[in-house]
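Thanks, everyone, for making time. I have one model to walk through today. Please bring it up on your screens.

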Amino acid sequence: MTENSTFEKIDFSSNKIDEVEFEACNFINCIFDEHSISNLIFRECEFEECNFGKAVLKNTVFNDVHFINCKMIGLDFSICNTMLLSMNFSGCNLNFSSFYLLRLKGIRFQHCSLESVDFTESDLTSAIFDSSSLKQATFEDSILSQVDFRTSKHFQIDPQKNKLKKTKFSKEGLKGLLSNYDIIVE
């Protein structure tokens, strides 16, 4: 196990990761592009300005992990190890990624690009989408109870196909709830 270490400007796509478990480690400007980080364990770690490209996340453990300004386009988080799954994202590009069927209670997305992201059948109870773009993101059979969408933009959510209870929206965001009804909101 590697603990309390900092990894800076390491290209893990060409350098094999020998360690399996990382605790309280920082990864700064590292590249995981098209590199499999399957079966690795990250606890209380922070990734800053890292490029995950098309990293494979099969059975990867992310427990209390924070991603800051990372490029994470097209990642399939649905194949991560779901035991103790806990992540937060700030300033990340997660376009075309998938969170299909995941239990993501309390997850936080701040200033993220979440365009064409799949949240189908995810439990997002108490999640916060703060100043994030959800253009063409898919919410279907998702649990959106107590989710805060007040500062998010470009979302389209069908209230009949999702579970909404005490979900927060701004007045400007109502358009994203009514788009399926072919009505005009001015």
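I will go through the sheet, the core, the ring pairs and the salt bridges, in that order.

First, the ground rules. This is a predicted model, so local features need pLDDT of at least 70, side-chain atom pairs count only at pLDDT 80 or more, and totals for chains, interfaces and linings use all residues. Residues are numbered from 1 along each chain as its sequence is written, and side-chain values use heavy atoms, with hydrogens and water left out.

Start with the sheet. Seven strands make up an open sheet, and the pairing is parallel. The order is β2-β4-β6-β8-β9-β10-β11. Strands here are DSSP runs of E, at least two residues, and they are numbered from the N terminus. Two strands pair if DSSP finds at least two bridges between them. Which strands sit at the edges? They are β2, at 6–8, and β11, at 128–130, and each pairs on one side only. Neighbouring strands of the sheet are turned by 10° against each other on average, direction ignored. For that angle, axes are lines fitted to C-alpha atoms, and angles run from 0 to 180 degrees between N-to-C directions.

Now zoom in on β9. Strand β8 covers residues 65–68 and β9 covers residues 87–90. Four bridges join β8 to β9, and the two run parallel. His66 stands opposite Asn88 in β9. Phe67 has Phe89 as its bridge partner in β9. Go to the other side. β9 and β10 pair in the parallel sense over three bridges. There, Asn88 stands opposite Arg108 in β10.

Stay on this strand for Ser90, which is found in β9. Buried or exposed? Ser90 has 15% relative accessibility, so it counts as buried. The cut-offs: buried means under 20% relative accessible area, exposed means over 50%, and partly exposed is in between, using a 1.4 Å probe and protein chains only. Leaving aside neighbours within four places in sequence, Ser90 is in contact (heavy atoms within 4.5 Å) with His66, Phe67, Ile68, Asn69, Gln110 and Cys112.

Next, the core. In soluble globular proteins, nonpolar side chains tend to be buried together. In this model, the largest nonpolar core has 51 residues. By nonpolar core I mean a set of buried Ala, Val, Leu, Ile, Met, Phe, Trp, Tyr and Cys residues joined through side-chain atoms within 4.5 Å. Which residues have the most contacts inside the core? Phe27, Phe47, Phe62, Phe77 and Phe89. Strands β8 and β9 each supply at least two residues of this core. Look at Phe27. Beyond its neighbours within four places in sequence, Phe27 has contacts that include Phe7, Phe12, Phe22, Phe32, Phe42 and Phe47. Its contacts also include Cys45 and Cys50, along with Glu46 and Glu48.

On to the rings. How many aromatic pairs does a search of the whole structure find? The search finds 35. Rings of Phe, Tyr and Trp (its six-membered ring) pair if their centres lie within 6.5 Å; planes under 30 degrees apart count as stacked, over 60 as edge-to-face, and the rest as tilted. Take Phe89 and Phe109. Their ring centres are 5.2 Å apart and their planes are at 5°, so this pair is stacked. Phe89 lies in β9 and Phe109 in β10, residues 108–110, so the pair ties together parts that are 20 residues apart in sequence. Phe89 is buried at 1% relative accessibility, and Phe109 is buried at 0%. Now Phe149 and Phe155. Their centres are 5.4 Å apart with planes at 35°, so that pair is tilted. Phe149 and Phe155 are buried as well.

Last, charges. The structure holds four salt bridges. The criterion is a side-chain nitrogen of Lys or Arg within 4 Å of a carboxyl oxygen of Asp or Glu. Glu21 and Arg43 meet in one, at 2.3 Å, N to O. Glu21 is in β3, residues 21–23, and Arg43 is in β5, residues 41–43; they are 22 residues apart. Glu21 is buried at 19%, while Arg43 is partly exposed at 26%. Glu23 also forms a salt bridge with Arg43, with the closest N and O atoms 4.0 Å apart. Glu23 is partly exposed at 23%. Together, Glu21, Glu23 and Arg43 are linked in a network of salt bridges. Elsewhere, Arg150 and Asp148 meet at 2.7 Å, N to O. Arg150 is partly exposed at 43%, and Asp148 is buried at 13%.

That is the tour. Over to you.
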